[in-house]
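Subject: Structure handover

Hello,

Here is the structure for your files. My notes on what was found in it follow below.

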Amino acid sequence: YGFINTCLKSLVVEKYGEETWEKLRLQAGVQDSFLTFEVYKDEITMQLVDKACKVLGVPADTVLREFGKYFFEFCKRSGYDHMLRTLGGNLYEFIENLDALHSYLSLSYQANIEILVLVLIVFSQEMNAPSFRVEKNEDGSMHLHYYSDRRGLCHIVPGIIGAAALDFFNIEISMKIVNQTEEEERTGKKEHIVFLVTQNPLFPCKERNEFSSSSQCLVDSEKQVENPLNKEDLEKAKNANGDRGNSVCPVKKSHWKTLRGIITLGKGKLLRGFDPVYPKSLWIDTKTFCNGLPFHMVFDKELKVKQAGVSIQKIVPGLQTMGICLDQYFRIVHPEVPFTISSIQKFINSQFVFQTRREMMPESWKERPMLELRGQMMWMESLQCMLYLCSPLLRTLHELEERQMHIADIAPHDVTRDLILLNQQRLAEMELSNQLERKKEELRILSKHLEEEKKKTEALLYAMLPQHVANQLKEGKRVEAGEFKECTILFSDVVTFTNICAQCEPIQIVLMLNSMYLRFDRLTTVHDVYKVETIGDAYMVVGGVPVPVPTHAERVANFALGMIMAAKGVQNPVSGNPIQIRVGIHTGPVLAGVVGEKMPRYCLFGDTVNIASRMESHGVPSKIHLSSSAYQCLKYKNFEITERGEIEVKGKGKMHTYFLIRNKSATENEIMGRP
């Protein structure tokens, strides 16, 4: 399920940042987000783990252990905290009931899954969940047996179990692999890892006044204290508990919880623990027992059926023949063990799931899905028989109908009735949640695409208008015309452009101008000048507008030198030779503003524009023509400039002009913006 992949993403983003996650997911070739209840391929998670090791440069066991710790916290934040805390009163009970949690979650998620809110990775429906078996040792340590279809993921377990022990039971544990084999006894080969779990209190015993051992670790339940309930007794009880602070299963308790653990028998009599009372004989007849527990079976060491509930007899009529072998009619689905008494006793604390064998069912059941039973095994030493107390494993009303069963077939006291009805409602809510999550993901993708389109639109708008002007227009504000006391304007055109147009096809002219303008546009970015407009073969730029800068003349001059160089790469479609351009530059004041609404343009007004245009029209091919004001701005700026002298300028009379030759301090690559 996507729950796991989402957790892995959250871990990487939280600890290493968004950029690391983006790099990791691109290398793994997976999407950016995952739906919580969507089933994803196993390989996606494995790829993410593998790439995380390479990107972060840490060993796989370290990554998996850290993921285990984080996954525990992620599950708590996701609403599983209360469920996990109720699994057991100490670490032993907690681990012992993990398989039971699997069974519950298989109902919730409609699959034989391993979304074990404390284990590894959630996989697809056809894969089996990992399994746990725990054994106490005399020295207070434990052996944790971990079985899984997947090899190499066992290092997640210490991270998860360690985090749970610290958070729920306030103890630190260490877990060491003492054995690693392929389990041959189980049906199908699985990795079998045995961890040695040793644990110590987080704080010294003297500081743990609020801590006590679990009921299993207090005192043998048969020992009684005859002294009256007084302050001295309570001190002894507390000290006795404190002395056992290093036991396998310390739990956090208040003083009142310690008192509640002391049971008063008679006047002034105290008893630690609980000693049940049994009747001398069983006050229930056989018929009532089989009717009251309609789904139960009793079988001996040879798997011969001795007794069965009425409902299971109705579904599997073969069970009415006492002495038949149970494995002829059922197979064990979970845990995956051989159908023998010794194997069942080995996993006696696990929940067992039986499934009917199709070939042994009545004809009416041949086309229906097979019935599954889920329950616990209880060994009866005096009878040398095993009692299987179970219920039908049904998740929804649809599954009930598929097997042509009814709610009435399930005992009124059996919570399976309530689970079916509640789960039906929960599945409807989950489907609604899935739909909302999918819509949310669709909106996220649409929003991302919208943002990309918005950037393209803004880029196009900023190519037509200065950015600050465009932003004002987008906000619906009026853009006031601005006066710039000094700026440098450049005009250029193609020499003999009219003759070229007369001798070429229109498409050739378009291709020539496009090739030239692409080169010029790149240079505007290199030298940070503003492109005002193009009209035919005329190209106009300005420096110092719309953002005033003191280096406006140098920028335009370097841009002009780049234009002359770039033009040599554009071919004349008539002669096949490089085209020639004229360039004119003038410096002076201008007025700038936005003109029009339908196709708004940022235009420059003033005599400076006219003079710059005259410098271009009175220029020389492949030369950069400067006015005297432009020359004054550049003469001390490390440019090589030659004097042209006085010339007659249309509408302006005689003017003293100059030619810009080169920049003495910049290379051709620097002018062209090449590396």
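**Overall figures**

The accessible surface of the protein chain is about 35,100 Å², and carbon and sulfur atoms hold 52% of that (Shrake-Rupley method, 1.4 Å probe; for residues, only the protein chains shown count as cover). This is a predicted model, in which local features need pLDDT of at least 70 and side-chain atom pairs count only at pLDDT 80 or more, while totals for chains, interfaces and linings use all residues. Residues are numbered from 1 along each chain as its sequence is written, and side-chain values use heavy atoms, with hydrogens and water left out.

Of the 675 residues in the protein chain, 45% are buried (under 20% relative accessible area, 1.4 Å probe, protein chains only). The chain has 21 helices and 23 strands (DSSP runs numbered from the N terminus: helices are H or I with at least four residues, strands E with at least two).

**The six-stranded sheet**

Six strands form an open sheet in the order S11-S10-S15-S14-S13-S12, with antiparallel pairing (two strands pair if DSSP finds at least two bridges between them). Strands S11 (305–308) and S12 (330–334) are at the edges with a single partner strand each, so one side of each has no neighbour in the sheet. Within the sheet, S14 (residues 372–380) and S15 (residues 385–392) run antiparallel and are joined by eight bridges. Met 380 has Cys 385 in S15 as its bridge partner.

**Helix H14**

H14 covers residues 416–464, 49 residues in total, and spans 70 Å from first to last C-alpha, close to the expected 72 Å (1.5 Å times one less than the number of residues). Its buried residues include Thr 416, Ile 420, Asn 423 and Leu 427. UniProt, in an unreviewed entry, places a "coiled-coil region" at residues 422–460; such annotations may be inferred rather than shown by experiment. That span is 100% helix and 0% strand, and its end C-alpha atoms lie 56 Å apart.

**Strand S18 and its partners**

Why is strand S18 (residues 538–543) described as largely enclosed by the rest of the structure? Five of its six residues are buried, so the rest of the structure largely encloses the strand. S18 pairs in the antiparallel sense with S16 (residues 482–494) over five bridges, and Thr 488 stands opposite Gly 543 in S18. S17 (residues 530–535) also pairs with S18 in the antiparallel sense over five bridges, where Glu 533 has Met 540 as its bridge partner. The hairpin of S17 and S18 has two residues between the strands, and Gly 536 takes a positive phi near 65° there.

Regards

Methods. Buried means under 20% relative accessible area, exposed over 50%, partly exposed in between (1.4 Å probe, protein chains only).
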